[in-house]
Amino acid sequence: MKIFINGGLAESAKTPAGTAIDPTDRGLTLGDGVFETLAVRGGQISRLAAHLARLGKGLGVLGIKAPLTDEGLTEALNSVIEANAITDGALRLTITRGPAPRGLLPPDTPAPSLIVAASANVPGSGVSVTAVIASGTRRNEHSPLSRIKSLNYLDNILAAREARDKGADEALLLNCAGDLASASSSNLFAVIGGVLVTPPTSDGCLDGVMRADVLRGLKGTERSLSPGDLAEASEAFLTNCLSVRPLTSVNGQVIGDGQPGPVMEQAQNLI
């Protein structure tokens, strides 16, 4: 698999001199950076403009300057698609602040790192999932990091491990107020009283690119959701840029009739 790394293409297992990531890179030592996962369908990048806009916002929050313009990033992404002959799959675009001496404060003249990798193996859309509500970690809705795709995904990893250990496919995370925020790798939607609802970003969820399209395309609304609200839902589903998946049970309690619902099917049509 060929990757784009700091200006050129290289084999992922064999990076030539000058293209390797420095072991002092702050992305490795401190998780100081952001990333985007982008779907590739029919050889084309889905929702590219929205992803680049969110990437820019995340970089702005961290005070990192992108090493390339949007046009340059697009060329890098497409070069990886072409080099790996990806027709349907996913891209991962990562930008770190770059190498630096020890310490928390960033260097005065950082040299950001850029990596683009690809995968032809992505989770299937429409596959039903079960979930548990994570008890070991929460989303901090007061942190600006809850609204960007930073390189620190440890809360999500811990939640996903908890779900696996409890025999579930996914974990739903509560925020500090005890309201539902999101799943470990997806946004949460539910149909309650005939209305499509999803937690607002102020409750700690990521402003997902697919989430925005579902809200707009299906005329959904944002409001806080308690765990108890799911008992009133006729259906629920999870979205990210790669998939829309029906959520059929939470903590062993079936949602609706336990089957994919009509609103979820409409959301799938937006992919």
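Trainee: What percentage of the contacts with a separation of 6 or more is accounted for by residues 24 or more positions apart?

Mentor: This is a predicted model, and the answer concerns contacts within the protein chain with a separation of 6 or more. Residues 24 or more positions apart account for a share of these contacts that comes to 69%.

Trainee: Why is the protein chain described as being as compact as a globular protein of its length?

Mentor: The secondary structure comes to six helices and 15 strands. For 271 residues the globule rule gives 18 Å, and the chain is close to that value, so it is as compact as a globular protein of that length. The radius of gyration on which this rests is 19 Å.

Trainee: Is Ser182 buried or exposed?

Mentor: Ser182 is found in strand β9. Leaving aside residues up to four places away in sequence, Ser182 touches Arg139, Ala171, Leu172, Leu173 and Cys205. Buried means under 20% relative accessible area. Ser182 has 5% relative accessibility and therefore counts as buried.

Trainee: Which residues lie nearest the centre of the largest pocket?

Mentor: The largest pocket has a volume of about 820 Å³, and 43 residues line it. Elements that each supply at least two residues of this lining include β3 (33-41), α4 (154-165) and β9 (180-183). By class, the lining has 18 nonpolar, 18 polar and seven charged residues. Nearest the centre lie Phe35, Lys149, Tyr153, Asn156 and Ser184.

Trainee: Which element gives the most to the lining of the second largest pocket?

Mentor: About 200 Å³ of space lies in the second largest pocket. Its lining includes Ala50, Arg54, Asp207 and Val209, and the elements that give two or more residues to it are α2 and α5. By class, this lining has five nonpolar, two polar and four charged residues. With five residues, the element that gives the most is α2.

Trainee: Which residue with a positive phi follows α5?

Mentor: Within α5 itself, the buried residues are Val209, Met210, Arg211, Asp213, Val214 and Leu215. One of these, Val209, also lines the second largest pocket. After α5 comes a residue whose phi is near 55°, namely Lys219.

Trainee: What percentage of the accessible surface belongs to carbon and sulfur atoms?

Mentor: Of the 271 residues of the protein chain, 48% count as buried. The accessible surface comes to about 12600 Å².

Definitions and conventions: Residues numbered from 1 in each chain as written. Predicted model: local features only at pLDDT ≥ 70, side-chain atom pairs only at ≥ 80, totals over all residues. Heavy atoms only, no water. 1 Å grid on protein atoms, 1.4 Å probe; cavity = no way out; pocket = protein on both sides within 12 Å on 5 of 7 lines; lining within 4 Å. Points joined across faces, edges and corners; volume = space filled by probe spheres on them. Helix = DSSP H or I, 4+ residues; strand = E, 2+ residues; numbered from the N terminus. Nonpolar A, V, L, I, M, F, W, Y, C, P; charged D, E, K, R; others polar. Buried < 20%, exposed > 50% of the residue type's maximum accessible area, 1.4 Å probe, protein only. Contact = heavy atoms within 4.5 Å. Rg over C-alpha atoms; globule rule 2.2 N^0.38 Å. Areas by Shrake-Rupley, 256 points an atom, 1.4 Å probe, with all protein chains shown as cover.
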